Amino acid sequence: MERFIIQGNRNLAGTIKVSGAKNAILPAMAACLLTSGKSVLHNIPNLIDLKTMSHLLRVIGARVDNENGSMTIDARDVCYPEAPYELVSKMRASIYVLGPLLTRLKEVRVSFPGGCAIGTRPVDLHLKAMESLGATVSVEHGYINAKTDGLKGADIYFTKSSVGATINTLMAAVLAEGKTRLFNAAMEPEVDSTIELLNKMGAKIDGIGTTTLEIEGVEELLPAEMDMIPDRIEAGTFLIAGALSKNPVTVANCEPSHLTAVLEKLKEAGCELEIEESTITVIPPVSIKPVNLMTLPYPGFPTDLQAQFTVLMTLAEGVSFIEDTIFPERYMHIAELNRLQANIKIDRNIAAVRGVKELSGAEVMATDLRASAALVLAGMVANGTTIVSRIYHIDRGYECIEKKLNSIGANIIREEVS
Ligand code: EPZ
């Protein structure tokens with residue numbers, strides 16, 4: 001197991017680059033199962049979750065090669081319609097094979113995803129949508145079994161905005177017979193990216209960037225090639241690192257239009273921002289202002305940056321209230337931040353963060369991907385040494401985070417522990 005040893009230092013400065021978006025690449029990989037040829041995805045970082053997805057696609061019968069930031073997926077021989085427990089229990093996004101395999105192979109078996117560190121995370125919307133398209137779905141012995149004689153287009157209303165259910169349903173509906181309309185669909189950039197890839201493959205999806213999507217089923221899809229979008233959550237994490245610093249930090253290779261809500265909140269905290277086509281420079285405030293925050297579906301503030309923004313508020317001059325409406329139990333980082341002498345209290349799923357003069361380095365434990373990123377940010381500004389253990393969580397979604405942050409002045413050492 002590995003851990004980070006972090007020496008506190010607020011003198012970050014320079015330019016840091018963002019990689020491709022994990023949460024756009026995962027569904028793109030699953031979408032490649034819809035063609036019987038070789039698709040190519042570019043801007044692929046080296047992440048554990050992408051390795052887990054590659055493993056799953058290979059189990060299903062695809063050939064996956066990943067070299068120099070480009071991934072080739074040959075789905076000609078896809079034949080084994082199962083996502084086994086060992087892989088789904090490592091990564092919930094394995095559920096993305098449900099839609100593509102159901103429509104292509106007419107049957108699929110996916111281990112039922114359990115809860116995780118950020119909450120219970122049901123998949124009822126995915127299953128109801130598959131039923132609406134004409135599948136018979138049952139859950140037995142810990143597995144979701146879905147079968148169909150052929151999917152048929154339908155009108156589907158999502159009672160909650162869900163990135164995963166929207167994408168899974170899109171991937172099932174593109175080869176269904178007739179027209180499907182999705183209402184209250186998620187509008188996250190990762191949904192748009194999946195639509196763009198599916199349309200490149202020959203799908204007919206209208207309504208990109210809105211909550212109503214219309215899909216006209218087609219007979220077949222052909223392989224495609226696409227550059228993956230930059231990771232808005234990694235970009236947001238680095239912007240918050242800059243806001244916590246004493247000097248300007250430039251985040252390069254990002255898409256500023258995907259970060260509107262985050263940029264608004266950084267401004268409210270007192271940061272100055274210089275925004276160009278694909279770079280954002282954050283000029284940190286002399287003193288951080290408290291900001292109230294509610295996470296919401298896109299274009300609202302992302303839940304995946306809630307923990308990191310909470311770190312910024314631990315050093316604000318006053319009290320901030322932070323509420324995660326997407327995952328109301330996503331507060332495992334709070335107890336760890338309080339170990340670093342933050343002053344945060346949780347009352348009915350709202351975190352009240354009273355700013356302190358400084359955080360104090362200590363040993364802390366990462367519980368999930370974004371909580372780990374928050375602990376790294378906190379360690380970078382805390383007084384003294386912070387040790388973050390269980391950093392395998394961070395490697396799931398951030399490529400070489402310590403190398404990137406060290407390149408702008410952080411002092412983070414990765415260490416193997418027995
Ligand atoms: C995606 O998860 C992301 N994962 C998450 O990122 C992200 O936090 C989340 O979207 C919200 O933006 C990937 O893209 C792989 P949802 P997903 O379905 O699709 C409820 C990270 O750190 N819901 O949009 O699983 C659900 O409980 C990860 O990179 C149902 O009730 O999230 C939540 O309250 C963590 N029933 C809300 O909808 C369902 O069937 C939104 O979840 C599905 C979801």
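F158 is found in the loop between strand 10 (155-157) and helix 6, where helices (H or I, at least four residues) and strands (E, at least two) are DSSP runs, numbered from the N terminus. In this predicted model, F158 counts as buried because its relative accessibility is 2%; buried means under 20% relative accessible area, exposed over 50%, and partly exposed in between (1.4 Å probe, protein chains only). From F158 to T211 the distance is 53 residues in sequence and 10.0 Å in space, C-alpha to C-alpha. The model is predicted, so local features need pLDDT of at least 70 and side-chain atom pairs count only at pLDDT 80 or more, while totals for chains, interfaces and linings use all residues. Residues are numbered from 1 along each chain as its sequence is written, and side-chain values use heavy atoms, with hydrogens and water left out.

Two further positions are worth a visit. S245 sits in the loop between helix 8 (232-243) and strand 15 (249-252). With a relative accessible area of 4%, S245 is buried. Its side chain reaches the backbone oxygen of L12 at 2.9 Å, a polar contact in the sense used here (a pair of N or O atoms within 3.5 Å; within protein, one must be able to donate a hydrogen and the other to accept it, and residues adjacent in sequence count only if both atoms are side-chain atoms). I275, by contrast, is partly exposed, at a relative accessible area of 45%. This residue belongs to strand 16 (residues 272-275). I275 and M71 are separated by 204 residues in sequence and by 31 Å in space, C-alpha to C-alpha.

Strand 7 (residues 107-111) runs antiparallel to strand 9, and five bridges join the two; strands are said to pair if DSSP finds at least two bridges between them. Within this pairing, S111 has Y143 of strand 9 as its bridge partner. Strand 8 (residues 136-140) also pairs with strand 9 in the antiparallel sense, again over five bridges, and here T136 stands opposite K147. Strands 8 and 9 form a hairpin with two residues between the strands. H141 lies in the loop between strand 8 and strand 9 and counts as exposed, at 79% relative accessibility.

A positive phi also occurs at R348, where the value is about 45 degrees although the residue is not a glycine. R348 is placed in the loop between strand 20 (343-347) and strand 21 (350-354). At 73% relative accessibility, R348 counts as exposed. Another backbone feature is the cis peptide bond that joins Y298 and P299, with omega about 10 degrees. P299 is part of the loop between strand 18 (293-295) and helix 10 (306-313).

The ligand brings several parts of the chain together. Domain 1 (2-19 + 230-416) and domain 2 (22-227) both give residues to the shell around the ligand, so the ligand lies between them; the domain bounds come from an automatic or database domain assignment. There are 22 residues around the ligand, and D124, S162, D304, I326 and R370 come nearest, a residue being near a molecule or strand if one of its heavy atoms lies within 4 Å of it. By class, the shell has nine nonpolar, six polar and seven charged residues. In this scheme Ala, Val, Leu, Ile, Met, Phe, Trp, Tyr, Cys and Pro count as nonpolar, Asp, Glu, Lys and Arg as charged, and the others, Gly among them, as polar.

Helix 1 (22-31), helix 5 (124-132), helix 6 (163-173) and helix 12 (369-381) each supply at least two residues of the shell. The largest share, three residues, comes from helix 5. An N or O atom in the side chain of K22 is 3.0 Å from a ligand oxygen. For R330, the distance from a polar side-chain atom to an oxygen atom of the ligand is 3.4 Å, and for R370 it is 2.7 Å. Taken alone, the ligand exposes 820 Å², and the protein buries 87% of that; accessible areas come from the Shrake-Rupley method with a 1.4 Å probe, and for residues only the protein chains shown count as cover.
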